[in-house]
Amino acid sequence: MELLAQQNFVINKYFIKYNFAKITLSAGNNCGDDCGSNGLPITPNSISIIGNFQSKVDSVQHPNIVQYVDCYRSKNEKVCLVFEYYDKTFGDDLDTFVNHLLHGLYFLHNDLKIAHGAISPDSIVYDGKNYKWIHWALNTITESGKLLNRSCLLSKNVGFVAPERSINLKNAPCRRSDIWSFGMLLLHRLYPTIRLPRNPVTLVACKNAEEILKKLNVLETLEKYRDLIVACLNPKPSERPKIRDLFDIVGIDIPKRNTNKLQQLILYDKIPDSNSDECPLTIKETYYFWCLSSTSTSRVKESTGAKQTPPILKLPSLVILDSPKESNEDCPSDTSLSISFISDSLEQLPMDNLKRRLNELDPSVLFPVMFSRLNGSNRSPKNDHKPSAMVNNLPIVIRESDFAYQVERNLLFRRLTNESPFLLNDLIRASKIDIPPLYRARTWANILGVKWNDLLVYDKIDKVTPTSTDRQISVDIPRCHQYNDLLASPQGHNKLTRILKAWLRHNEPNYVYWQGLDSLSAPFVLLNFNDEAMAFASFNAFIHKYLRGFFFKDNSSTIQEYLSLFSHLIAFHDVPLFNHLYQLNFTPELYCIPWFLTMFTHVLPLYKILHVWDTLLLGDESFPLAIGLSLLIQLRDQLLGYSFNDCILISSDLPEINVELCVRDAIKLLNSTPPSAIKRGIFPLKDLLTEICPRIEFEDLVDLYESGERVYIVDRRSEEEVLSHGMFKESIRECEIDLIKSCLKDDYYLVAVINDLPLASQLVLESVPRVVSILLDFKIPRSMCVASNGTKS
């Protein structure tokens, strides 16, 4: 009982320190035609909001602003925002109240370069330690209400709106307007019973702050904050102080934030300082686990239905009179006269189920222990971070939705990614099981060897100057994985464009733009949507590791070599399929160039690509060949019965592919293939193009022989070469196909034909599986030779 109580104490004290709430916005419908000037469908406003959120808001952290953790589309073009939220009663310490809010506002104005635009008492929460601004992201992601088909987005309590905003609602909120609203907020905190004007326009005629205070019936002394309030409530926006001036008025030191990007980046691959009192769950992890612990879906999506607002409460609090204008019949509403008010009814997300699920776990799961392997030591944890066999055998989609499994894997990967490259080998070993979605981007970057200095390169590259490839990029991007909300958003298009232009500029003049490069960059942009430098560095490292020469101006030799190796791989592992396609003249040039040029991103959806690449990144540049063959094997039954035209159709529109089976088969195929058979740059291209079976290096044959694999050697060397270099043990010296086939028994590893390329090709056409050719002009190892008096034939 004592141990259980101690466990509950640990969980309740450390594991959950965040609470969440959700607000729902109604995105506006697009005006006019369904298609833009380029003939493509216009991006829905809800997708634009999601793009703005991921690009500008996601992962922004500061002690005095709430952190937003999710933004997703719901029914009827509604967008839901999830953010940290607390409902604790404000403290009595006014100095702390002012100090915290000034620091939060300074971060918005000075670091993020944005205005809050909706300051009111409803825009503040208190977590028991810090006062935090909420709703600070709404004007930014909705473009001041434009994406809601409204002229502006305001707090329901319009008494805190700056007068100049009331006069011209079409203007975006500015930082000077925030200063006014902050002054009114402080005044309201000092005098809660004060009656603010229902229409701020009535304060426009006031000449100074004293008149404003008088009009508000504030006659008492304003204590130590009088100067601050008077400065903020200056009727002239241009004469209001900036946020840094308010620190001087109050006598608070201006926050010194580390704005040196170099200093931030050099900590990228360093072990972070640990804090023993720190909550073991980050806010992103807490929300991710909350989604997994929910009983219905990963998010709270209209399960209980949207709360209905009584019609009487929908009457406007602020009416702006304007000259009548002709309404646009194509638009659902006239945005010149409409205002959207931030709802004050937030839906708090219940945390009880998450706490209960965490209480059921062994607390040691949240503190994974790392064992160093110094001085050749192989010491490792008891289970070596491997999940149970029962869980490990489940499909990846089930594992990614299993609460206990994901808690363990995410916290393990957080430790491994934080402490890489020092624990890179441990990270790679753990990734062979699977990679949790929350840490996929960082894991990929570590496996690809991205360093902090690689992240510096991106900002130095010119991404603005027009180039000859801009037109083609602008045509390709609107067709690149547009089923994904982020990539379909204007922000997604801009990021893809900048990263492609940066990559081409960085690698010129050797590399050029080929169609498919946009699809290849899409997974990195999706995973690093708010970190373009990381997306660029990972993308660049990926191409140089797996696609050497594919994007040269003249890439014909590279592609021919790759396709020849692929054709040889088919002939080695599946002779019936190879011969069928060979007789149809359905060559790899007709169907798999897009596969390898885009690493399958052109033929598989992104959610499948992420799982394929989780394993692909653990292999070398030969592994994609095995993945390509595993795709063919899944289509094998159909292909064997198809004509040439049918094969063309199925290759251009692949049916549903089981990617888990594909990856498992690819690993088996790769492990059962001699390495030199699919390694680039070993054999002359002209020879690869004329042969139909793999050629391997003699060293591979020696390794197989010494490992005990059953290998048949068809030795076609001349008698002089045999006498000079030695005779193989139990070799076949015949050249007749039927005699050779009669010597072969089942379950052999391969048939190696020595110095007779035509015979090797003939064996493949006669449906002999796993045939390779070897050219040999030197002595063979003694272990493979017969005795000097041996006469094996």
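Strand S9 (residues 711-715) and strand S10 (residues 750-754) run parallel and pair over 5 bridges; pairing requires at least two DSSP bridges between the strands. Strands (E, at least two residues) and helices (H or I, at least four) are DSSP runs, numbered from the N terminus. The model is predicted: local features need pLDDT of at least 70, side-chain atom pairs count only at pLDDT 80 or more, and totals for chains, interfaces and linings use all residues. Residues are numbered from 1 along each chain as its sequence is written, and side-chain values use heavy atoms, with hydrogens and water left out.

Within this pair, Ile713 stands opposite Ala752 in S10. In a regular strand the side chains alternate between the two faces of the sheet. In S9, Val711, Ile713 and Asp715 point one way, while Tyr712 and Val714 point the other way. Of the 5 residues of S9, 5 are buried, where buried means under 20% relative accessible area with a 1.4 Å probe, protein chains only.

Helix H16 (residues 424-431) has Asp426, Leu427, Ala430 and Ser431 buried. Seen down the helix axis, the buried residues of H16 fall within an arc of 135°, so they line one face; the arc is taken over the directions from the axis to the C-beta atoms. An α-helix has 3.6 residues a turn, so residues three or four places apart point the same way. The cover over the buried residues of H16 includes helix H15 (403-418) and helix H17 (440-447).

Ser564 belongs to helix H24 (residues 556-573). Why does Ser564 count as buried? Its relative accessibility is 8%. Leaving aside residues up to four places away in sequence, Ser564 touches Leu688 and Leu689, contact meaning heavy atoms within 4.5 Å. Ser564 and Pro694 are 130 residues apart in sequence, yet 9.0 Å apart in space, C-alpha to C-alpha.

The whole structure contains 3 cavities of 30 Å³ or more. A cavity is a set of points, on a 1 Å grid over the protein atoms alone, where a 1.4 Å probe fits but cannot get out; lining residues have an atom within 4 Å of a point. The largest cavity has a volume of about 80 Å³, which is the space filled by probe spheres set on points joined across faces, edges and corners. Its lining has 14 residues, and the closest to its centre are Gly117, Ala118, Val161, Arg165 and Ser181. Strand S6 (152-155) and helix H6 (175-190) each supply at least two lining residues, and H6 gives the most, with 3.

Methods. Buried < 20%, exposed > 50% of the residue type's maximum accessible area, 1.4 Å probe, protein only. 1 Å grid on protein atoms, 1.4 Å probe; cavity = no way out; pocket = protein on both sides within 12 Å on 5 of 7 lines; lining within 4 Å.
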